[in-house]
Amino acid sequence: MEPAAPARKHRRRGNSAHRGSAMAPPAARLARVSRAVSFSACHRLHSKSLSDEENLKLFGKCNNPNGHGHNYRVIVTVRGEIDPVSGMVINLTDLKEYMQEAILEPLDHKNLDKDVPYFAEVVSTTENIAVFIWENLKKLLPVGTLYKVKVYETDQNIVVYKGEETISEK
Ligand SMILES: Nc1nc2c(c(=O)[nH]1)N=C([C@H](O)[C@H](O)COP(=O)(O)OP(=O)(O)OP(=O)(O)O)CN2
Ligand SMILES: [Zn+2]
């Protein structure tokens, strides 16, 4: 006697005709793609809006006139639909090149306050570094795809920026 009956039942349940029309377009799938990069830089926390005494009080050891260094790590996340032909939200090879241009070229092995014009007037906190990276990347990526910039100043000090401008924005 052949034990064929269970296998035939399983095939019928798996038939696509039972799951919807064969003519329906495939559902769009959203995904988030991330890539990480590291860079080394030095900086000094110092605000031109404050006196030397106020700067020292606010920033403490981070206001040391000769600065200090960090090995920063940045994780960039891009959000979009998975292209049905390429299977990609974004080609990671392209994202790598954008991150090279937006992060490594301006920031790696730099004195942030002296070598990067943006930080001549803006305090080089991790928050502001995240904003700087966001603005640079936004110019290179397809409109609306940049989702998140996460910057590790140290393993303990981490900033996330998602392009928001005020606390009331959703
Ligand atoms: N909101 C922010 N606060 C501070 C920032 C910043 O970017 N945003 N940055 C600093 C300094 O850059 C400083 O280097 C951080 O020093 P510290 O808090 O001491 O961090 P460490 O992880 O190096 O210290 P541990 O003692 O090992 O925890 C300060 N504040
Ligand atoms: Zn620092």
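How many bridges join strand S1 to S3, and in which sense do the two strands run? Two bridges join S1 (residues 30–43) to S3, and the strands run parallel.

## What you are looking at

This is a predicted model, in which local features need pLDDT of at least 70 and side-chain atom pairs count only at pLDDT 80 or more, while totals for chains, interfaces and linings use all residues. Residues are numbered from 1 along each chain as its sequence is written, and chains are lettered from A and ligands numbered from 1 in the order in which they are written.

Helices (H or I, at least four residues) and strands (E, at least two) are DSSP runs, numbered from the N terminus. Two strands pair if DSSP finds at least two bridges between them.

## The sheet

Let's walk across the sheet. Five strands make it up, in the order S3-S1-S2-S4-S5; the sheet is open and its pairing is mixed. At the edges are S3 (110–111) and S5 (158–161), each of which pairs on one side only.

S1 and S2 are antiparallel, paired over 14 bridges. Here Leu30 has Glu81 of S2 as its bridge partner, and Ala31 stands opposite Gly80 in S2. Next along, S2 runs antiparallel to S4, joined by six bridges, with Ile75 standing opposite Lys150 in S4. S4 and S5 also run antiparallel, with four bridges, and they form a hairpin with five residues between them. In that pair, Tyr152 stands opposite Ile158 in S5.

## Helices on the sheet

Helix H3 (residues 92–107) lies across S1, strand S2 (68–81) and S3, and runs at about 25° to S1. Helix H6 (residues 126–138) packs on the sheet as well, touching S2, strand S4 (146–152) and S5, and its direction makes about 145° with that of S4. Axes are lines fitted to C-alpha atoms, for helices over the stretch in contact, and angles run from 0 to 180 degrees between N-to-C directions.

How do the two helices meet? H3 and H6 pack at an angle of about 135°, with their axes 9 Å apart. That makes H3 oblique to H6, given that angles under 35 degrees count as roughly parallel, over 145 as roughly antiparallel, 65 to 115 as roughly perpendicular and the rest as oblique. Tyr98, Ala102 and Ile103 of H3 make the contact with Ile133, Asn136 and Leu137 of H6 (C-beta atoms, placed from the backbone, within 7 Å).

## Around the ligand

Which residues are around ligand 1? They are Leu45, Cys62, His68, Thr125, Thr126, Glu127, Glu153, Thr154, Gln156 and Asn157, where a residue counts as near if its C-beta atom, placed from the backbone, lies within 6 Å. By class, this shell has two nonpolar, six polar and two charged residues. Ala, Val, Leu, Ile, Met, Phe, Trp, Tyr, Cys and Pro count as nonpolar, Asp, Glu, Lys and Arg as charged, and the others, Gly among them, as polar.

Conventions
Two residues are in contact if their C-beta atoms, placed from the backbone, lie within 7 Å.
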